[in-house]
Amino acid sequence: MASLISVSAVADDSMNVKISPTLDSVNVVHMGDRITIQRDQDKGHTIPKLYAKTSRSCPPFCIQPSVAAPGVETIAELEMLDYLKQASTDNSVIVIDSRTNDWVARGTIPGSVNIPWTKLSVAGNGAWEDSEDAPSANDVMRERFGVKGDDDKLDFSDAKTLVMFCNGSWCHQSTVNIRSLVKKGYPAEKIKWYRGGMQSWVTLGLTTVPPQ
């Protein structure tokens with residue numbers, strides 16, 4: 001993983017807006033900096049303008065189904081926080097921001113690493129193919145996801161658990177990658193999809209950080 005995440009629950013009676021009845025905040029280390037994930041404590045806080053737009057052209061911004069691919073679990077915010085905790089001590093779990101750099105530059109989830117969806121789907125339309133001017137998707141799997149073997153026979157026995165997200169339920173970037181991974185042979189049970197993505201995250205007032 002690009003960075004080691006250290007996570008702990010923090011109790012603070014002065015906080016009024018909790019994550020859940022028993023969880024006030026979560027501390028993480030993102031790119032070497034200690035970050036506290038919590039909900040915005042300003043009760044007048046509203047959804048950032050970037051995510052307030054409701055009408056985006058489809059395609060490509062089409063509403064995604066509740067299941068990205070058969071066998072892939074769809075998760076929400078509390079599960080996402082649990083996976084961040086796991087990733088703090090277990091490098092077999094990686095939380096992936098699948099968005100392109102222009103979106104990531106506007107903020108991401110603390111503890112995630114950015115692997116743009118185009119790294120795994122070079123054609124940008126769901127096709128799994130390599131080209132001379134782009135990194136091999138198989139190389140990404142071997143270098144980042146724990147996959148072994150050559151291109152003709154990939155070994156997924158030690159593959160990492162991938163927790164993938166993008167901009168929200170109208171964003172296809174992570175779902176394209178998920179379907180491509182499953183098609184390639186990646187175990188569906190080792191892929192998790194945070195369908196709400198950044199839009200749900202910021203709608204709930206959860207902490208975001210700029211990229212490195």
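How many helices and strands does the protein have? There are 5 helices and 10 strands, and the model shown here is a predicted one.

**View 1. The whole chain, to get your bearings.** Of the 212 residues, 47% count as buried. Take the contacts with a separation of 6 or more: residues 24 or more positions apart make up 64% of them. The accessible surface is about 10400 Å², and 49% of that belongs to carbon and sulfur atoms.

**View 2. Phe61 meets Trp170.** The protein has 7 aromatic pairs. In one of them, the ring centres of Phe61 and Trp170 are 5.6 Å apart and the planes sit at 70 degrees, so this pair is edge-to-face. Phe61 is in the loop between strands E3 (33–37) and E4 (73–75), while Trp170 is in the loop between strand E9 (161–165) and helix H4 (173–184), so the pair ties together parts 109 residues apart in sequence. Phe61 is partly exposed, at 31% relative accessible area, whereas Trp170 is buried, at 9%.

**View 3. An aromatic cluster and two arginines.** Tyr51, Phe61, Trp103 and Trp170 form one aromatic cluster. Arg56 places its charged end over the ring of Trp170, 4.1 Å from the ring's centre. Over the face of Trp103 you'll find Arg106, 4.6 Å from the ring centre.

Terms used:
Residues numbered from 1 in each chain as written. Predicted model: local features only at pLDDT ≥ 70, side-chain atom pairs only at ≥ 80, totals over all residues. Heavy atoms only, no water. Helix = DSSP H or I, 4+ residues; strand = E, 2+ residues; numbered from the N terminus. Buried < 20%, exposed > 50% of the residue type's maximum accessible area, 1.4 Å probe, protein only. Contact = heavy atoms within 4.5 Å. Areas by Shrake-Rupley, 256 points an atom, 1.4 Å probe, with all protein chains shown as cover. Phe/Tyr/Trp six-rings, centres within 6.5 Å; stacked < 30°, edge-to-face > 60°. Lys NZ or Arg CZ within 6 Å of the ring centre and 35° of its normal.
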